[in-house]
Every structure is written in structure tokens, then in C-alpha cells.
Amino acid sequence: MVSFELSDEQKMVQETVNSFAADQMEPLMRECDEQNSIPEEVISKGWELGLLGGCIPEEYEGFGEELSTVTGLIALEELAWGDLSMALHLMAPSVLAISVLDQGTEEQKKQILPAFCGEEFKAASSALVEPYYNFCPSALRTTAVNDGDEYVINGKKCLVPLAQESENMLVFAATAPGMGFAGVDAFIIPVSTKGVKVGEREKNMGIKALATYPVTFKDCRVPAASRLGGEAGCDFLRLLSRSRLALAALAVGMSRRALEHSRDYATQRIAFGEPIGSRQAIAFMIAEMAIEVDATRLLAWEAAWRCDRNIDFEKEAALAKNYAADMAMMVCDRGVQIMGGHGYVRDNPVELWFRNARGFAAFEGFVMV
Amino acid sequence: MIDFELSPRIKATKNMIHMFAESAVRPVARQYDEQEHEKPWDLLNMVQKVMGGGVAGAFGTEKKEDKGEEESKEKKPKETNLAGAVTVEEIFWGDAGIALSFPGPGLGGAAVQASGTPEQKEKFLARFSGDKPVWGAMAITEPEAGSDTANIKTTAVLDGDEWVLNGEKIFVTSGKSALEDSEGFVVVWATVDRSAGRAGIKPFIVEHGTPGMQITKIEDKMGIRCSDTVSISFMDCRIPKENILGSPEVVDKTKTEGFKKVMATFDATRPLVAAMAIGVGQAALDFLREYLTEEGVELRYGINPHRMTSLERDVMQMEADLKAARLLTWRALWMLDNGLRNDLQASMAKAKAGLAVTRITQKAVEIMGPLGYSRELLLEKWMRDSKINDIFEGTGQIQLLVTARRILGFSREQLK
């Protein structure tokens with residue numbers, strides 16, 4: 001039966017994460033962006049929320065009962081409401097952890113998952129995006145060629161979060177180039193593996209506080225056992241789709257914050273003797289922003305609900321992610337526009353959201369629910 | 001618990017209505033577009049017999065059932081309004097013009113249901129469940145008062161035991177059906193005191209055949225041609241005193257209760273208009289996808305949008321917009337079913353659906369090129385039909401105004 005009501009547990013998650021985002025993340029947002037760094041303290045406090053450990057079952061030392069994708073989206077929305085860079089840093093390990101949880105062999109689960117159930121933040125990375133024009137996850141240029149008991153990985157990646165500080169990373173590579181999504185596999189490998197070279201930290205337009213790196217793989221030999229899912233391999237499109245849902249939720253959270261900021265400004269800023277929101281030119285922009293934020297959230301939730309019900313959700317996830325990328329840019333652009341010159345200066349958060357928003361079209365991987 | 005699965009009951013209804021729309025409505029869609037001002041009487045008689053006026057546009061009847069349920073099984077979660085939207089979407093998938101011409105209480109009946117006294121409800125609503133099709137209509141718009149309903153100039157003056165109405169109403173949906181083709185009525189909005197502004201505007205029930213009331217024009221329209229839209233002139237039209245809609249406090253000209261109460265029916269009708277739009281949008285999208293499949297065009301959803309063909313991107317956008325509109329609509333109705341204030345969400349849904357479907361159908365025609373432009377296919381008709389959804393029951397701009405006022409916390413004086 002159709003319902004739009006959050007469960008008690010979901011309401012609690014929403015409330016808890018939102019208060020963390022408001023108290024701990026948002027006040028640091030500007031400073032982190034200017035300094036290109038995030039204090040360890042906020043990440044370790046964020047880790048105490050147990051968002052990742054809460055997805056991992058007890059048998060792997062976690063404390064989660066059931067993996068609800070919808071609940072995951074609710075938490076991610078609130079995190080990004082606080083700050084996108086911090087949200088991405090905090091949840092960067094989710095790609096490795098959730099991929100293993102969803103599709104890893106029993107051995108891989110036992111080996112990987114307990115590390116994410118401790119009290120301390122455990123960095124982990126993932127490498128999917130490649131530095132090419134028109135990059136597409138279905139046509140990776142990074143390849144993994146089977147050679148006896150090993151795979152040999154070659155290729156270039158970029159936007160690899162926390163590559164420097166992580167022990168392990170999940171690397172996506174084509175094992176059957178030309179086969180589209182079906183030809184992609186994932187490999188769990190230590191960052192220290194020979195043939196892996198982590199480059200200089202990247203300088204991006206937005207999400208500046210998040211440490212991302214280019215990573216090159218040159219004849220990097222990894223054991224066949226490091227292939228996600230073992231001999232059977234993995235369902236890459238499913239993993240990609242889970243990540244797309246997560247990105248959609250982050251886009252919703254950040255855009256919602258930008259909407260609220262614009263709303264407050266429009267009611268307070270006086271021009272021509274009245275609040276600028278009293279003019280339809282501004283008011284209608286805000287109305288459309290509100291409609292699209294809600295529309296995107298529902299698209300993402302519906303796709304996540306399908307995932308939780310084991311119904312095909314890959315197409316819906318792609319629609320939601322692309323819709324979210326467009327929505328975030330539209331909302332944050334208007335956020336700047338509504339504030340005029342004030343929106344363009346760095347005293348104000350909207351320019352930061354605007355720069356962050358453009359990233360959603362380029363982001364793939366990054367986080368997962 | 002977030003859930004997007006329709007209940008078994010709604011699913012069953014949806015399937016039944018879809019089959020009906022496909023077999024009985026869609027096949028005559030073109031005919032009643034070309035033969036404007038004619039009614040598919042066989043179909044309408046059948047609809048009346050089978051559904052007793054409880055289908056599309058039959059908002060009043062839906063609510064009546066609702067009340068019965070409330071009394072008998074109080075704890076059962078309600079989904080009457082959501083069920084209505086799903087039904088509406090399927091019928092409009094068949095054809096918007098014909099669906100709008102279906103008999104039932106319509107907006108006039110909805111107003112009686114929402115704010116009428118028990119006596120008024122009994123007197124005016126019983127007729128819709130008879131053997132013969134009967135229509136109810138609502139007359140608000142005037143030549144100089146569209147969205148600005150407070151500017152209504154039609155007057156109602158009490159003279160002894162009667163109200164005397166004078167003025168002109170336009171764009172009355174199903175006005176001819178209600179007043180000439182059946183023994184229906186029209187709810188007419190008139191002012192009892194122009195100096196009282198909105199508070200002076202009251203709804204009056206005028207029965208078919210009342211002397212002094214005349215249909216002066218039947219509009220020729222771009223789309224939804226099967227549905228009649230008329231002008232009505234009132235010249236010293238006398239109606240009984242008790243035909244003012246609502247209780248004594250509603251009638252008090254210092255209060256806007258009556259105005260507000262009838263306005264509150266928009267909370268239910270706006271999402272339903274959104275559902276109407278979505279039905280037409282789904283028809284266009286279904287047609288387009290089937291056609292592309294036959295042509296051997298594969299749509300690749302998961303790839304980078306910049307690697308898609310322009311066609312793939314368009315279809316992806318159309319699908320996402322339609323789905324977003326449907327989810328916003330369901331949310332607005334779910335809230336209504338659960339007794340939550342939903343005026344904001346109702347307007348958001350209507351704003352999104354009205355515009356999205358207008359664009360979806362235009363895009364479908366564009367994609368199909370000369371085939372889309374030809375009257376051989378129904379696509380061009382759907383494009384004409386769907387445009388009304390961004391206009392009636394409050395234009396897209398009015399929906400944005402309502403949405404913005406709520407988001408900003410502004411009154412109608414603060415945000416005009």
C-alpha cells in the first residue's frame with residue numbers, strides 16, 4: 001500500500017544525522033573549502049553515527065539488521081545538507097564495503113567488512129572515473145587481463161577519493177572490453193600493490209575539501225581471489241546503480257540546503273521597499289526549486305524502494321541520478337542568481353554549493369547505499 | 001514505511017479501468033475529436049450504468065463513499081483519493097476529451113459535498129447515482145475574472161424568499177451537459193456585496209431549467225473537444241433562498257469561510273487534474289516507445305547522457321519528468337487520504353504535471369516528425385488535449401504562486 005511516511009527508525013536516522021550536520025558539519029563548511037581539508041575530528045564524530053557499520057550484519061562484526069536502501073538515502077540527504085565534501089569523505093569507504101557486502105564472496109566479506117565496524121573511521125577508496133572526455137562506466141579504458149592466477153591491471157583513474165590515506169581500494173576495470181556493463185569487474189586491492197601509483201592531489205572546482213587523486217595502474221598484478229565475487233565476478237551495473245542512488249540523495253540534500261538559504265534570503269532582503277520574494281520573478285524561481293528538490297527525492301526513493309524489494313531498479317537509478325545532476329545545478333545556479341552579487345562572493349555559501357553542484361554530472365562511484 | 005506499491009484493490013481497479021479505456025474509449029477518441037459538440041451517448045449511458053457516476057470527475061461520489069468507509073471501518077487506512085487518481089490516469093490514458101465528458105457530480109458536486117448542509121447533499125447529490133447520466137458543473141470564471149476570482153462581478157441579491165442572480169459566466173466545463181443534456185445543476189459563484197471583497201463571494205446552486213439562465217455560447221476548442229465548455233448568462237435568474245451553498249456561518253458576508261471551504265476542494269481536484277495530465281503523457285510515451293521498438297531503436301538508459309543520442313536523452317527526460325509528476329501527485333493524495341494538510345503538495349503536483357505533460361506530448365510529436373503532425377495518429381491530439389492541464393483548475397503560474405507563498409510563508413498580500 002502506497003505510503004510516504006518514514007518509519008520510526010527512519011525518522012530517528014533523519015533527525016540524528018540532521019542534527020550532526022547542523023552542529024558539526026555546516027559551521028566548518030566554508031573553512032574546509034578554503035583550506036582544502038577536513039578536520040579529523042569531524043570525521044571521527046561522524047563515524048560515531050554508525051552509518052556504515054549499521055549496514056553490516058553482526059556476523060561480520062557490524063550492528064546492522066537489514067540493509068535498507070531507502071534509509072541509506074535518508075541519511076545521505078541529511079549529510080549532504082550539512083556539507084558535500086565531508087559527506088563524501090565520511091562515506092568514501094561505503095563503495096568498497098557495500099560492494100563486498102552485496103556481491104563479495106564469503107571470504108571477501110570476512111576479510112574486508114570487520115574493518116568498517118570499529119569505533120575509528122577506516123578510510124577506503126574506490127577507483128571508477130577515468131580522465132577522458134565523455135567518460136562512461138560502460139566503456140572503461142582501464143583493463144584487467146586474466147593471466148593464470150592473476151589479473152593484470154592497466155589504466156588511468158581520476159577522482160579517486162582518499163587514495164593516499166586508504167589501505168584498500170576497489171578498482172573497476174574492463175575484463176571484457178566492448179561488452180558494456182557486463183564486461184566490467186571490480187578488484188579489491190591494497191593501495192600499496194606494486195604497479196599502483198597515486199599521483200598528486202587533484203585540484204577541483206568544487207568538493208575542494210575532499211582529497212581526491214589520480215591513480216595509474218601499470219602492469220599491476222593482483223591475485224584472482226581479489227576479484228569481487230570471485231570466479232563469478234560481479235553485477236557491475238547493480239553496484240553502479242546503488243552508487244547512483246547515493247549520489248542522487250546527496251544532490252537532494254545539498255540542493256535542499258541551497259533552497260532553504262535562498263528562501264530565507266528572499267524573505268529578508270529588502271529591495272524597492274519590500275522583500276525580494278514578494279516579486280514573482282524571485283518567488284517563481286523558489287517554487288520551481290522546491291518542486292524539483294521534492295521530485296528528485298521521490299524519484300530516488302522509488303528506485304531505492306525497488307532495490308529493497310528486489311525489483312529491477314537500474315534504469316530508475318540512472319534516471320534519478322541524471323535528473324538529480326540537472327536539478328542540483330538548476331537549484332544552486334538560482335541560489336546564486338537570487339542573491340545577485342552577494343551570491344558571487346565567497347562570504348556566502350551559495351557559490352560553494354554552485355561549484356559543488358556541477359560535479360554531479362561527472363561523479364560516478366564515490367559513495368554507495 | 002515508505003512504500004510505492006499500490007494496494008491489491010487499487011491494482012485491480014487500475015487493470016480493469018485500463019482495459020475499459022483501451023477497448024471502449026481509445027477506439028472512438030478520434031471520432032469525438034472530429035465531431036466536436038457531439039456526445040458518445042452509448043458509451044456515456046454504459047458508464048452511468050456500470051459505474052453510477054463514480055468515475056472520472058466524480059469527485060463528490062468518491063468522497064461520499066469515503067464517508068461511509070470512515071464510519072464503518074475507521075481503522076482501515078484510507079486510499080480513496082489515491083484510488084481516484086489511479087482511475088483518472090487510466091481513463092485519461094484512453095482519451096482526455098471523452099473522460100472529461102463522463103457523467104458525474106464534477107466540480108459542482110464536489111463543492112456541494114465539501115460545504116453543503118446535510119439537506120443540500122441529499123437533495124442535490126442523489127441524482128448522480130440514477131440510471132441516466134447526470135452532470136454537475138461549476139461556474140466561477142467571468143470575462144474579467146479568471147484566476148482572480150475575487151474580482152467576480154456576478155451579483156446575488158436577496159429578494160424575499162429568493163436570490164436574484166445577474167451576470168455572465170464563461171468556461172463552464174460540462175455546463176451544457178448539466179443544464180441541457182441532463183437534469184443537473186451548476187454551482188454559480190456570485191457576490192452578495194462587492195464591497196466585502198472575497199468574503200462577499202458565495203456559491204449558489206442553480207438547477208437546470210431555471211428561468212433567467214441561458215447558455216449563450218458553446219466554445220470551439222483546441223483540444224478536449226468532446227467535453228463541452230460554455231458561457232452562461234444570468235438575467236434576473238431567481239433561485240430559492242436555501243440554494244445558497246452551506247450553513248448560516250458560510251452565508252455570513254463578513255466571513256470568507258464559504259470561499260475557503262470551496263477553495264479547499266482544490267486540494268483534492270488539483271492532484272486529480274495532475275493525474276489527468278499524467279494519463280495523457282503516459283499514452284504519448286507508451287506510443288512512442290512501442291513505435292521505437294518496432295523500428296528497432298534501442299534505448300540505452302544507463303550510459304553517460306552525453307553518449308546518448310538526442311532521441312535517447314529526450315525519452316529519458318520525458319520518462320523521468322512523467323514519473324516525478326506521478327510521485328508528486330501520489331504524495332499529495334496520500335496526504336489527503338491521511339488527513340494531512342496538502343495544499344502545498346497539491347499545487348506542486350499540478351504545477352509539475354501540467355507543464356511536464358505539455359512538454360512530453362509536444363516532444364513526442366516533434367520526435368515523430370510528419371507522422372506526429374498528422375491526424376492519422378492520436379499524438380497530435382494528445383498534444384492539443386494536454387495543454388488544458390496547465391490551464392484549468394489554476395494555471396501553472398497560479399500553482400507556482402501558491403507554492404511560493406507557502407514556501408516563503410507569505411500571505412496573498414505579501415506575494416501577489
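The legends below describe close-up views of a predicted model. Local features require pLDDT of at least 70 and side-chain atom pairs pLDDT 80 or more, while totals for chains, interfaces and linings use all residues; side-chain values use heavy atoms, without hydrogens and water. Residues are numbered from 1 along each chain as its sequence is written, and chains are lettered from A in the order in which they are written.

**View 1. Aromatic pair A:Trp47 and A:Phe121.** Rings of Phe, Tyr and Trp (its six-membered ring) pair if their centres lie within 6.5 Å; planes under 30 degrees apart count as stacked, over 60 as edge-to-face and the rest as tilted. Over all chains, 16 aromatic pairs are counted. For A:Trp47 and A:Phe121 the centres are 5.3 Å apart and the planes stand at 90°, so the pair is edge-to-face. A:Trp47 belongs to helix α3 (residues 40-47) of chain A, and A:Phe121 to the loop between α7 (106-112) and β1 (125-127), 74 residues apart. Helices (H or I, at least four residues) and strands (E, at least two) are DSSP runs, numbered from the N terminus. Both residues, A:Trp47 and A:Phe121, are buried (under 20% relative accessible area; exposed is over 50%, partly exposed in between; 1.4 Å probe, protein chains only).

**View 2. Aromatic pair B:Trp41 and B:Trp135.** With centres 5.9 Å apart and planes at 85°, this pair is edge-to-face. It links helix α3 (residues 41-51) of chain B, which holds B:Trp41, to the loop between α8 (118-125) and β1 (136-139), which holds B:Trp135. B:Trp41 is partly exposed, at a relative accessible area of 34%, whereas B:Trp135 is buried at 1%.

**View 3. Aromatic cluster with residues of chains A and B.** A:Phe4, A:Trp305, B:Phe4 and B:Trp334 form one aromatic cluster.

**View 4. Arginines over rings in chain A.** A charge sits over a ring if NZ of Lys or CZ of Arg is within 6 Å of the ring centre and within 35 degrees of the ring normal. A:Arg141 lies over the face of A:Tyr132, 3.7 Å from the ring centre. The charged end of A:Arg257 is over the ring of A:Trp81, at 5.1 Å from its centre.

**View 5. Salt bridge B:Asp33 to B:Arg225.** The closest N and O atoms of B:Asp33 and B:Arg225 are 3.8 Å apart (a salt bridge is a side-chain nitrogen of Lys or Arg within 4 Å of a carboxyl oxygen of Asp or Glu). Between domain 1 and domain 2 of chain B the count is one salt bridge.
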